[in-house]
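Morning, everyone. Please bring the model up on your screens, and we'll walk through it together.

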Amino acid sequence: MSPDHPPGLDLDRLRGLLDRERPGLVTGPLSGRLIEGGRSNLTYAVTDGTAHWVVRRPPLGHVLATAHDMKREHRVISALHPTDVPVPRPVLLCEDDEVLGAPFYVMEFVEGTPYRTAEQLAPLGPERTRAAVLNLVDTLVGLHAVDPAEAGLADFGRPDGFLDRQLRRWAKQLDASRNRDLAGIDELHATLGRELPRSPAPTVVHGDYRLDNVLIGGENDEIRAILDWEMSTLGDPLTDLGLLAMYSSPLGMPDSPVSTTAQAPGHPGPAELIERYATRSGRDVSAVAWYTAFAWFKLAVILEGIHYRYTLGQTVGRGFDRIGDLVPVFIEHGLTTLQEG
């Protein structure tokens, strides 16, 4: 690690805060680095040469307060840490902008690998890959089994009308990015609205649950920590299942700029993951096609927003020029999922 201060992380101020709030925690000079792979909030690995921590803060520059709520992330991992749900141990929340220029929190550093692509999974082999993905489902069942009230999260969200609000939210996002015709997108949205299912009892929802948002490690490839809780809330647990099913579906596009692990040898398909979730959770998943189609719609909207910013010259980097070609693929998958049920 470089002893230099990474952008957005003043190590001297961080050390001063930790010494005041957690005396004796830090035993040497701090060094840190920005962890690659973050999509919105910035994540840093920090060490004093002996112990290791992680610092999470919003992106540099102006951001909406509700989009990157450090207090919210810190609250949910603090509530879940005493349960069987694997999350990093929280260390400290700082809401004082004077320290790092934005609110942030510190948590323990957990060793493990976030598998982002089929190529990264391949060295595990089919049996270990299959076991790891099935364990991902079992861990999701465990998360959804947590009683929000017992965990102190009874007021963590507004579960009434959750699906309707989600659908309206992503439709609004789509309207903000419209600059071309997208065949089928309005049909997909309208059909989702007409066929809105009745939600089961609310649970803690992760909001972005997939293989590369967990850390896997150890001899048995166990899930050591679930990460990236910025979209978590109280809501319909089947939205997490639908998203996981979507990410377990092959896109059918070689060299796609959006990577999934679905093509890795041994990776279970969506039907097996859904069946395992149903068996282990006891929940009725008969409407899972709606939730999976909603996940395709949501990702289509996100990708269209990225494409829109690319056309304005606001997003630069490898692969962004091909994001726009993916959007019709996601729309088609969403429509097909609804039609086939």
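Ground rules come before that. This is a predicted model, where local features need pLDDT of at least 70, side-chain atom pairs count only at pLDDT 80 or more, and totals for chains, interfaces and linings use all residues. Residues are numbered from 1 along each chain as its sequence is written, and side-chain values use heavy atoms, with hydrogens and water left out.

Rings, then. A pair of aromatic rings is described by the distance of the centres and the angle of the planes. Our rule takes Phe, Tyr and Trp, with the six-membered ring for Trp, and asks for centres within 6.5 Å; planes under 30 degrees apart are stacked, over 60 edge-to-face, the rest tilted. By that rule we get three aromatic pairs. One of them is Trp-290 with Tyr-291, edge-to-face, at 5.3 Å centre to centre and 80° between the planes. Trp-290 is buried at 4% relative accessible area, and Tyr-291 is buried at 1%. Buried means under 20% relative accessible area, exposed over 50%, partly exposed in between, with a 1.4 Å probe and protein chains only.

Next, Trp-296 and Phe-330. They are edge-to-face too, at 5.2 Å and 70°. This pair links distant parts of the chain: Trp-296 sits in helix α10 (residues 288-311), Phe-330 in helix α11 (residues 323-340), 34 residues apart. Helices here are DSSP runs of H or I, at least four residues; strands are runs of E, at least two; numbering starts at the N terminus. Trp-296 is buried at 2%. Phe-330 is buried, also at 2%.

Ring pairs also join Trp-290, Tyr-291 and Phe-294 into a cluster.

On to strands. Which residues of β5 are we talking about? Residues 104-108, and four of the five are buried. Strand β3 (residues 52-57) runs antiparallel to β5, joined by four bridges; pairing needs at least two DSSP bridges. Arg-56 stands opposite Tyr-105 in β5. Strand β4 (residues 90-94) also pairs with β5 in the antiparallel sense, over four bridges. There, Leu-92 stands opposite Val-106.

Last, helices. Helix α6 (residues 162-176) packs against α10 at about 25°, axes 9 Å apart. So α6 is roughly parallel to α10. The cut-offs are under 35 degrees for roughly parallel, over 145 for roughly antiparallel, 65 to 115 for roughly perpendicular, and oblique for the rest. Axes are lines fitted to C-alpha atoms over the stretch in contact, with angles from 0 to 180 degrees between N-to-C directions.
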